[in-house]
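This briefing is written for a reader who has the coordinates at hand and wants an orientation before working with them. Please keep the structure open while going through the points below.

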Amino acid sequence: MSDLIQLLPDSIANQIAAGEVVQRPASALKELLENAVDAGATRIQVVVKEAGKQLIQVIDNGKGMTPTDARMAFERHATSKIRSSEDLFSIRTFGFRGEALASIAAVAQVELKTRRTDDELGTLIQIEGSEVRNQEPVATGPGTSVSMKNLFYNVPARRNFLKSNPVEMRHIVEEFQRVALAYSEISFTLMQNDMEIFQLHGGKLSQRIVGLFGKNYQSQLVPCEELTPHVNVKGYIGKPESAKKTRGEQFFFVNNRFIKSSYLNHAVSNAFEGLIQPDQHPFYVLFLEIDPSHIDINVHPTKTEIKFDDERTVYAVVRAAVKQALGAHHVVPALDFSIDVNFKDKWDQDPNTKIAVDREYSYKTFNTPELKKANPSGWEKLFEGVQRTVEIEKSSNDEEETEILTFPSRANTESESKLLGSSESLENTGTTFQVENNYIVAQMSTGLLIVDQQAAHERILYERYLRQLKLAQGPSQQSLFPPVVELSQGDFELVSGLLPELHSLGFMISVFGNQAVVIQGVPADIQVRNEKELFEGLIEQFKNFKNELSLETRENLARSLARRSSLKRGQKLKDQEMETLVGQLFACQNPNYGLSGNKTFVKLDLSSIHSFFGK
Ligand code: ADP
Ligand code: MG
């Protein structure tokens, strides 16, 4: 009896394998675009005919190939991108399986032209159904052009399976958009049947979004950014009013790779809750950056799913990022939980003004469900009750007075905390303490947080002042005895030019005579003993920063005032103050760094603590 088992001819094996990679024109386009990106192209042109059924051509100005590489590129498992299985875990390029070109060439008629910049002549290769028909030197521009003609010409069953042109074209545009979003610095064009559909110049992500989705997005985009040690989130969300009934313009990228994740989509929807109708879908383009060792990219080439080893944290960070963006841009009114007293009064007087104070908003980065359960520590709990918020600036400046009023015996913290605990009016959980009157140590279920109090406070104030400058609505407190400040000619001119901004911050300043101003009010959240000193200090700081850093005016003012009015090293803090400070820090848009670029906090993970003891 003769043996039954035979090896399949390569051409058939290739066709079968190709089915996995190339299901439709759009999947071939995805592979070709990714190759062009991997080749370092700065300009990529796509030409499509008959929704890709007749032709998909991708022309790039990337690094090109040698004649041998050009031929090798069509072999299965031929890749220049990984050398060993270890490399699989640190993949940063798109392709890595070396299957795409081989697959495409198995089920279409392919023409490749490629030249490296320094080579005189390029290479032309024509392949049909895995068979090389022609290879010859050719005069061509630097870079690579791959044309894929008549997809599935040799697999009629599959060809018949393709959908109508509009449907296939929609898939093509989708793939194109994903790559174009991920690489906004690359110029792209897309031509269909000689009509230009997209012409996108390399630039910022926001410009790319507008280029892809239309001018009306310009006013609808809200930047979104959240940087944490575990994962970074950056990108844009659409304002609630731009939400649509159809899903669609929603994009997640992980390490620049487009992924679909209903779990993360839920995180975004959750952040939008209450702002859009349940049947509406917000726009978003969000990029997550995470150490590749924390993710498992499904190595199947057409899959867009991904697994995170700490899904919940990623969820929490995405949600916090979106909430933060919605809040920081005042899409949601009055998210700042450190509501100024003056404001509060105003609201109290007007019962018609609705304040949507979002409590969860303040949890931010560390709001993982486990954490809430395991560690209901003061600075987390504190924000559950906005009313309880203690204005840190207030008490920190009037240290002595407050002390006498509320805590006659500072030494007796034990009974104090019991008292407070039972009355529940203030939180004192004993989970934060100060080192050197300089660092705040806060306990978390996952370790210890060490916060640089001055850097943190500067960050908090800086973001607050920037916001006030943008909104031109910093609340003021009137000076009891408005001081007159004499200025040099130069300073007087400087101050005159800054009047609108100073006003936005809450300074009430009028010109008084030739070279002096009178200070009738200062920002409400600063407890000042001496308005003149504060003002002069601010101007001095402003000038320093201007010389050192040549900052933009508002940026500079916000920085200067934050620097001048922040609490300083060596200042003793009460428990509530510490907890408020930590909480406010994590409500910042960019809590990780202080104004000089130094860290505001470090986290000592339990795992590192364990490792100190060899556990
Ligand atoms: P992979 O991208 O997984 O390596 P492909 O089959 O897509 O596999 O490509 C095979 C190889 O061909 C790549 O590793 C790369 O070296 C080369 N290549 C493909 N497309 C291009 C291109 N546009 N420019 C330069 N080199 C390319
Ligand atoms: Mg590839």
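The model is a predicted one, and its chain has 21 helices and 23 strands. Buried residues account for 51% of the 615 residues in the chain. Among contacts between residues at least 6 apart in sequence, 70% join residues that are at least 24 apart. The accessible surface comes to about 29600 Å², and 50% of that surface belongs to carbon and sulfur atoms.

**The sheet of 8 strands**

- An open sheet with mixed pairing is formed by 8 strands, which follow the order β5-β4-β3-β6-β2-β1-β7-β8.
- Its edge strands are β5 (131-138) and β8 (195-200), each of which pairs on one side only, and neighbouring strands of this sheet are turned by 10° against each other on average, direction ignored.
- Helix α2 (residues 25-38) lies across β1, β2, β6 and β7 (187-192), and runs at about 10° to β2.
- Helix α6 (residues 165-182) also packs on this sheet, where it touches β1, β2, β7 and β8, and its direction makes about 170° with that of β7.

**Strand β2 and its two neighbours**

- Strand β2 (residues 55-60) is largely enclosed by the rest of the structure, because 5 of its 6 residues are buried.
- On one side, strand β1 (residues 43-49) pairs with β2 in the antiparallel sense over 6 bridges, and Val47 has Gln57 as its bridge partner in β2.
- Strands β1 and β2 form a hairpin with 5 residues between them, and Glu50 in the turn has a positive phi of about 50°.
- Strand β2 is also joined by 6 bridges to strand β6 (residues 143-149), with the two running antiparallel, and the bridge partner of Val58 in β6 is Val146.

**The sheet of 4 strands**

- An open sheet of 4 strands has antiparallel pairing and the order β16-β17-β18-β23.
- The strands at its edges are β16 (432-435) and β23 (601-605), each pairing on one side only, and the twist from one strand to the next averages 20°.
- Strand β18 (residues 447-452) pairs with β23 in the antiparallel sense over 5 bridges, and Leu448 has Leu604 as its bridge partner in β23.
- Helix α16 (residues 453-471) lies across β16, β17 (439-444) and β18, running at about 75° to β18.
- Helix α20 (residues 575-586) lies across β16, β17, β18 and β23, and its direction is at about 95° to β16.

- Helix α20 has 12 residues and reaches 17 Å from its first C-alpha to its last, which is close to the 16 Å expected at 1.5 Å a residue.
- Thr580 lies in helix α20 and is buried, with a relative accessible area of 0%, while its side chain reaches the backbone oxygen of Gln576 at 2.6 Å.
- Gly597 sits in the loop between α20 and β23, and with a relative accessible area of 48% this glycine is partly exposed.
- Gly597 and Ala455 are 142 residues apart in sequence, and their C-alpha atoms are 9.3 Å apart in space.

- Is Asn265 buried or exposed? Asn265 counts as buried because its relative accessibility is 11%, which lies under the 20% cut-off for buried residues.
- Asn265 is found in helix α8 (residues 262-272), and its side chain makes a polar contact with the side chain of Tyr284 at 2.6 Å.
- Leaving aside residues up to four places away in sequence, Asn265 touches Arg247, Gln250, Phe252 and Tyr284.

Technical notes: Residues numbered from 1 in each chain as written. Chains lettered and ligands numbered in written order. Predicted model: local features only at pLDDT ≥ 70, side-chain atom pairs only at ≥ 80, totals over all residues. Heavy atoms only, no water. Buried < 20%, exposed > 50% of the residue type's maximum accessible area, 1.4 Å probe, protein only. Contact = heavy atoms within 4.5 Å. Areas by Shrake-Rupley, 256 points an atom, 1.4 Å probe, with all protein chains shown as cover. Polar contact = N/O pair within 3.5 Å; in protein donor to acceptor, adjacent residues only side chain to side chain. Pairing = 2+ DSSP bridges. Axes fitted to C-alpha atoms, helices over the stretch in contact; angles between N-to-C directions. Expected span 1.5 Å × (residues − 1).
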